[in-house]
Amino acid sequence: MSETSVLTGPVEIVGTGLIGTSIALACRRAGLDVLLTDTTPDHVRTASGLGAGRPRTEQDVPQLVVVAVPPDALGAVLTQVLDDAGPDTVVTDVGSVKSGPLAAVAGHPAASRYVGSHPMAGTEHSGPLSASGELFDGRPWALTPGPGVSPAATRVVEALAVVCGAVPVHLSPVEHDRAVARTSHVPHLMASLVAGTLAGASPDHLALSGTGVRDVTRVAGGDPRLYSQIISGNATAVAALLAEIRDRLDLALEAVVGGDRVGLESLLAYGQAGTRAIPGKHGAAPQPMEAVRVALPDQPGGLARLFADAGDSGVNIEDVRIDHDPGRPVGQVELDVVADRADELRAALEARGWTTHR
């Protein structure tokens, strides 16, 4: 029996925001019956209109309930769902922190049918209109069953991850929270602190903004209310990492003020080593990448022509960034490719009239 055949539905989604509606769309893509519940009726109507499912009725008995509500409401909603669920219904949540929800349901008579989970996907946008059934394709989906959880319940939640196109990863709740503090929560907080230095800055300063500052601050555009709940819910793990960063920040300040080039270079090299530790595509070992920078006139169809010419070169594009040059009718596109093929792509594009920059 395949993993996906373990999940037959119906699947109830409690909370039809970005993540909940995206899960619903992915389940509908797989042909599952999806039930929608939300305290905001407009969200249910919107999600239903997108084809994500139908409102739940009193007669419906879901096989699986997915709780996708804000972190502050998660414990209470999980408890209520377990109270109301049928004797065979499995319950999961998709919150960003796993130790708290597990503690909230500890001792509940139906706790053996609760399996915490967390899809590692999302955007800085929110609401059902931002949802996509492809949001989880190829992304990790953490499963964090607590002690005493039914193996059958875990298999159902694992099947949900597979149905949504994700890659299941099994972790304990504590290890999950440490992992997301390092890879998500602290980076988001750091991006927000850096972005805060731009608020109220002189327009002359902001005119020099480039891809670097955009890359560093992009995730800071997320909802402050939501992320304050997420970070507060993982306070122990986040605080430990912030203490490490504070120590390195003090070293950086001392090196800058004292003109310690060796110390500064050491800190920068440590950061560079961290970027190399990030897994590569499909979880493989990272490969050295190089950006091929191409001048792009701000005209209709220009980007499509560039992609077509890059495709004809036979060099695979791993990532793309676009930087709009303030005050000029031209932008710059950065095409990330495996380093040993960068010159090949430059030559192919230049032969077709494109201007590249190293």
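Predicted model: local features only at pLDDT ≥ 70, side-chain atom pairs only at ≥ 80, totals over all residues.
1. Pro10 sits in the segment before S1.

2. Overall make-up. The protein chain has 13 helices and twelve strands. Its C-alpha atoms fill a box of roughly 65 × 50 × 40 Å along the principal axes. Of the 358 residues in the protein chain, 38% are buried. Take the contacts between residues at least 6 apart in sequence: 69% of them join residues at least 24 apart.

3. The main core. The largest nonpolar core holds 38 residues. Leu7, Ile23, Leu64, Trp141 and Leu160 have the most contacts inside this core. At least two residues each come from strands S1 (11-14), S2 (34-37), S4 (64-67) and S7 (140-144), and from helices H1 (18-29), H2 (41-49) and H5 (151-163). H5 gives the most, with seven residues.

4. Leu160 as a way into that core. Which residues does Leu160 contact, leaving aside its neighbours within four places in sequence? They are Leu7, Ile23, Cys27, Leu64, Val66, Thr92 and Trp141. Of these, Leu7, Ile23, Leu64 and Trp141 are also named among the residues with the most contacts inside the core. A second, separate core has 13 residues, including Val292, Leu335, Val337 and Trp354.

5. Helix H1, geometry. Does the length of H1 agree or disagree with what its residue count predicts? Twelve residues at 1.5 Å a residue should span 16 Å, and the end C-alpha atoms are 16 Å apart, so the two agree. After H1 comes Gly31, with a positive phi near 85 degrees.

6. Helix H1, surroundings. H1 is mostly covered, with nine of its twelve residues buried. The buried set is Leu18, Gly20, Thr21, Ser22, Ile23, Ala24, Leu25, Ala26 and Cys27. These buried residues pack against S1, S2, H2, S4, S7 and H5. In an α-helix, with 3.6 residues a turn, residues three or four places apart point the same way.

7. Thr16 lies in the loop between S1 and H1. Is Thr16 buried or exposed? Thr16 is buried, because its relative accessible area is 0%, under the 20% cut-off. Beyond its neighbours within four places in sequence, Thr16 contacts Thr21, Leu36, Thr37, Asp38, His43, Val44, Ala47 and Pro128.

8. Leu36, one of the partners of Thr16. Leu36 is in strand S2. Its relative accessibility is 3%, so Leu36 counts as buried. Not counting residues up to four places away in sequence, Leu36 touches Ile13, Thr16, Ala24, Val44, Ala47, Ser48, Ala52, Gly53, Arg54, Pro55 and Arg56. Val44 and Ala47 are contacts of Thr16 too. Leu36 and Thr21 are 15 residues apart along the chain, and their C-alpha atoms are separated by 8.6 Å.

9. Two serines to look at. Ser96 is in the loop between strand S5 (90-93) and helix H4 (99-105). Why does Ser96 count as buried? Its relative accessibility is 18%, and buried means under 20%. Leaving aside neighbours within four places in sequence, Ser96 contacts His118, His176, Val180, His185 and Ile230. Ser232 is in helix H9 (residues 224-233). Ser232 is exposed, because its relative accessible area of 53% is over the 50% limit. His185, a contact of Ser96, is 47 residues from Ser232 in sequence and 9.8 Å away in space, C-alpha to C-alpha.

10. The H10 and H11 pair. Helix H10 (residues 235-258) and helix H11 (residues 261-277) have axes that come within 8 Å and cross at roughly 145 degrees. The crossing is left-handed. H10 supplies Arg248, Leu251, Ala252, Ala255 and Val256 to the contact, while H11 supplies Gly263, Leu264, Leu267 and Tyr270. Seven of these contact residues are nonpolar, one is polar and one is charged.

Methods. Residues numbered from 1 in each chain as written. Heavy atoms only, no water. Core = buried A, V, L, I, M, F, W, Y, C linked by side-chain atoms within 4.5 Å. Buried < 20%, exposed > 50% of the residue type's maximum accessible area, 1.4 Å probe, protein only. Helix = DSSP H or I, 4+ residues; strand = E, 2+ residues; numbered from the N terminus. Contact = heavy atoms within 4.5 Å. Expected span 1.5 Å × (residues − 1). Axes fitted to C-alpha atoms, helices over the stretch in contact; angles between N-to-C directions. Left-handed = near helix turned anticlockwise from the far one by under 90°. Nonpolar A, V, L, I, M, F, W, Y, C, P; charged D, E, K, R; others polar.
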